[in-house]
Amino acid sequence: MSERLSIGELADAFDNLTALSEVERRRWLARDGLHADDRARLVRMLAADEHAEHRFLDEPALVHAQLLKENQPTYVEPAALVGQQFGAFRLERVIGQGGMATVFLARRAGADFDQVVAVKLLRRGLFSAVEQKLFRRERRLLAGLSHPHIARLIDGGITEAGIPYLVLEYVEGLRLDEYVTTHRLDVRARLALFVRAAAAVEAAHRALIVHRDIKPSNILVGNDGTPKLLDFGVAKLLGEDGDNHTLTAALTPSYAAPEQIGRGPITTAADIYALGIVLHELLTGSRPTGPDAGPPSTSIAASPQQGRVSPPADAALLRRTLRGDLDTIVQRALHVRPEQRYPSAAALIEDVQRYLDGRPVLAHPPSRGYVLRKFLRRNRLAAGLGGAMLLALLASLGGALWQARATRAEAMRANSVRDLLIDVFKTAEQRQPEGSRVTPEDVVDIGMRRVLNDPTLPDESRLELVGALAAVASSMGAYPQMDALTRAATEIADRLYVEGDEPYTTARRWRAEALLHLERPAEAVALLQPMRDRLAASDSRVAYETLMVLSTALDRLGEEGDESLQLVRSMRERALSSTSLPREVVLQVLINESDQLAAKHRFKEALERGEAAEKYWRDHELPLDSEILWLYEGIGNAASSLGDAARGEAAYRRAIALSERIHDRPHRETAWFVGLLGSYLVSLGRADEAEPYVLRGLAMRRQLSGETAPETLFALGALSRLRAIQGRHAEAIAALDEGIDACRRQAIDSEACVRLLQTRARLQLQTSDIAAAKVDIEAAIAMQKRVSGEESAMIASQYAYLAEVERREGRYADSVATADRALALMKRFGGGHWADVAVARLQRAWSNLQLGHAQAALDEIEDAERGFSEASPQNVKMRVTMKHVAASALAQLGRGDESLRAAAAALQLAGSDAKAEPEVVAALKRLAAGKAEN
């Protein structure tokens, strides 16, 4: 004898039967294996549904339409309407049926363009006040909704036969439950898709609309992975009264909230409940058995029955995944009491997103230990963490570990963690002079020794603590400590995990980051490269974050073939097409690509990618954080390098404003952007505007980062350039000497030190100390090769100034060849900085002039001067020098009158700036007097 259906199974069967035609229902009910009592109950339920109060689901509209015609049968299958015209649209085929409507695929007839739509024919005529009200309301509600995840209303009306219809956006795809099964989405991918679908419900709630019939069949997922919410046929406006009882028969029992079934007041909480059921089904493959069902993790059978939704993982793994946060989220959404559910769809969405991001979910009972565990797992300790804050964090970890242990032995080990951490701080405080405060440096130094050497500490706890301490060490620039900590982390991870486990990958990412700080990119590549294929096949946050570190290491290694760019481009393509990757990670990938292009001086591409990232940030209304500050820096660098001064300056100022909004006190990021704007204004020759930014940026960097930090060294370079254009040469050289001495004392090879050497060489050229300039520029080239490889866009800048040294030495052919090499590198890597391009072209033109190639010199310098004047009109010194070369070339070509006019114009320009080169001004005066240059 067949087994009886449970309450949940009976509800599912009823729900499925309401979507079938009469013929299909009879066939289903007659099948073998269905218990006779269940068959009888289902027949009674369907009959009750058919004759509900006010005959809400009475005869279909198709029947009413036929009754208006003579000699027609009393029932017409929906397929019989295929080919008929509804408004401007001709029906082509049936694509869906429900208890209330039939949906057809239709096409605009007679139009000069192809438009495919879905036409919904209500399965009831407009023969009662209730039905008329429902039809008008659905059309009104849809007309007022506009959201990318809600199928939009295109048209609607009533035919002469009395059949009401709505014309809707056609979504080619699968219903939500079929989509996740067909595409075999894992838990994270299902959650990400759920978030997007729930956003449509949240948008409806903002418009004061309760959907009241949320279920997988009302959420279609397009071929591109975009979900669309459908069917607002039983929706209501908040505050609208009088139809709760009327609509009770229209609900789908398997997804209805208790208050809907009990005919209580309907609020947005009913939709929250339905979303909870949908989420339960997506995660487990089944719906909850009733209001008192336990956590989702307890409903997973070892051998689940086949249904519309297949579970996202095997039973054991799925139970482990759901226990904790996901159980908590679903149970709160499914609370029997509406007031105990999430207060809004937005709150539910936020908690799911928090889970995806590894952050504490708000539904979880408040606990410092719980919050800390989530915090440390994300490894995002803020830079400059104070000793008191770190004490609270680490002490809380000890308590969290204690709470996490189920046995007495584990509790004792957790207590040993707490005791260890307290002892660390006591030791640190005892070493301080009386009255002084414990610093993060003290904690890291002492904590590192204790955490690595304590034999009573469980390895899982040790790994979390090591990661936290490594993050703090990185934020302080304590790279030797970070080195030791990350080496220990990989050793611990190797003992506990295997390749493919997230902690295994994360520990290696920490290690690679430390190696990059230590300027050992080859080792970082060797560590991460073996995991590359596996990571590239994953859509997890950890995989993308690790691949971004690998791409940076490849870039630092200076390998030929743009391997790092190939990697970031493939990451961008995959990230943009991913349906499960958090959007903030997609944004990080976009920013990373723009940064790498800019680092390689491929500024045009960098600007395009940066602006695309900015648009993505705005379009998806992502939160403001530090990533956005660096995005604006990248846009500013790329734009300014291409000569778009206004765009560059605006981006830098935007970065400062946003940084001051994020950080309510002096911060390293604010210091960087302030100094960056000052440096840029110096390059434009706007010394008076630049000075306050340059001085403030340097002071902040010294205070927050220290005297030898790269950002402080860059600020010294900016100060020297400022003093140089102010004519304060001794102060300019002194600032450079200070920075270069620091580089040598610390044996630092970095971009900052390269720029200091290059800037000092330029100043020495201005005082005709050619020998000293040559020593510095050759040292800069050697260091740049060590930093970025033999052939790179960055080294092109040094070659441009080496060309000037060679010209000043009288080696004109060598100067032309070196300038050619600089410009070729800039072109090869997508275009160099506009100022470096101008220097290289000036040297090539000037040397060609000295070699007697006057026409080549003239063609070169006239084009170069036009571009430079547009990019930096206030840099009179450089412009006058370029005009001098042009006037000299004209004189050599025998075009005396033109030479005189050019020289006079240059002198007039020089007269507005007393800082023009004296020897250049003297040469121009000779040309203006008709005395050709030798």
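In this predicted model, helix 29 (residues 687–705) and helix 30 (residues 710–725) pack at an angle of about 155°, and their axes lie 9 Å apart. Helix 29 is therefore roughly antiparallel to helix 30, given that angles over 145 degrees count as roughly antiparallel. The crossing of these two helices is left-handed.

The contact between them draws on residues from both partners. Helix 29 contributes A687, A690, E691, V694, L695, L698, R701, R702 and S705. From helix 30, the residues that meet them are E711, T712, F714, A715, L716, A718, L719, L722, R723 and I725. Sorted by class, the contact of helix 29 with helix 30 comprises 12 nonpolar, 2 polar and 5 charged residues.

On the side of helix 18, the contact involves Y479, M482, D483, T486, R487, A489, T490, A493 and D494. The residues of helix 19 that they meet are P503, Y504, A507, R508, W510, R511, E513, A514 and H517. This contact of helix 18 with helix 19 has 9 nonpolar, 3 polar and 6 charged residues.

The table sets out the packing of the two pairs.

| Helix pair | Angle | Distance between axes |
|---|---|---|
| Helix 29 and helix 30 | about 155° | 9 Å |

**Strands and a sheet**

Strand 5 (residues 153–158) pairs with strand 6 in the antiparallel sense, over 5 bridges. Within this pairing, L153 stands opposite L168 of strand 6. Is strand 6 (residues 164–169) largely enclosed or left open by the rest of the structure? Of its 6 residues, 6 are buried, so strand 6 is largely enclosed by the rest of the structure.

Elsewhere, 3 strands form an open sheet in the order 7-9-10, with antiparallel pairing. Strand 7 (173–175) and strand 10 (227–229) stand at the edges, and each has a single partner strand, so one side of each is left without a neighbour in the sheet. From one strand to the next, the twist averages 30°. Strand 9 (residues 219–222) and strand 10 run antiparallel and are joined by 3 bridges. L220 stands opposite K228 in strand 10. In a regular strand, side chains alternate between the two faces of the sheet. A helix also accompanies these strands: helix 7 (residues 187–206) lies across strand 9 and strand 10, and runs at about 30° to strand 10.

**A residue in helix 39**

D897 lies in helix 39 (residues 896–911). Is D897 buried or exposed? The relative accessible area of D897 is 55%, and a residue counts as exposed over 50%, so D897 is exposed. The C-alpha atoms of D897 and G930 are separated by 8.8 Å, while the two residues are 33 residues apart along the chain.

**The chain as a whole**

The protein chain contains 40 helices and 11 strands. Of its 934 residues, 53% count as buried. Among contacts between residues at least 6 apart in sequence, 63% join residues at least 24 apart.

Conventions. Residues are numbered from 1 along each chain as its sequence is written. This is a predicted model: local features need pLDDT of at least 70, side-chain atom pairs count only at pLDDT 80 or more; totals for chains, interfaces and linings use all residues. Side-chain values use heavy atoms; hydrogens and water are left out. Contact means heavy atoms within 4.5 Å. Helices (H or I, at least four residues) and strands (E, at least two) are DSSP runs, numbered from the N terminus. Ala, Val, Leu, Ile, Met, Phe, Trp, Tyr, Cys and Pro count as nonpolar, Asp, Glu, Lys and Arg as charged, and the others, Gly among them, as polar. Buried means under 20% relative accessible area, exposed over 50%, partly exposed in between (1.4 Å probe, protein chains only). Two strands pair if DSSP finds at least two bridges between them. Axes are lines fitted to C-alpha atoms, for helices over the stretch in contact, and angles run from 0 to 180 degrees between N-to-C directions. Angles under 35 degrees count as roughly parallel, over 145 as roughly antiparallel, 65 to 115 as roughly perpendicular and the rest as oblique. A crossing is left-handed if the near helix is turned anticlockwise from the far one by less than a right angle, and right-handed if clockwise.
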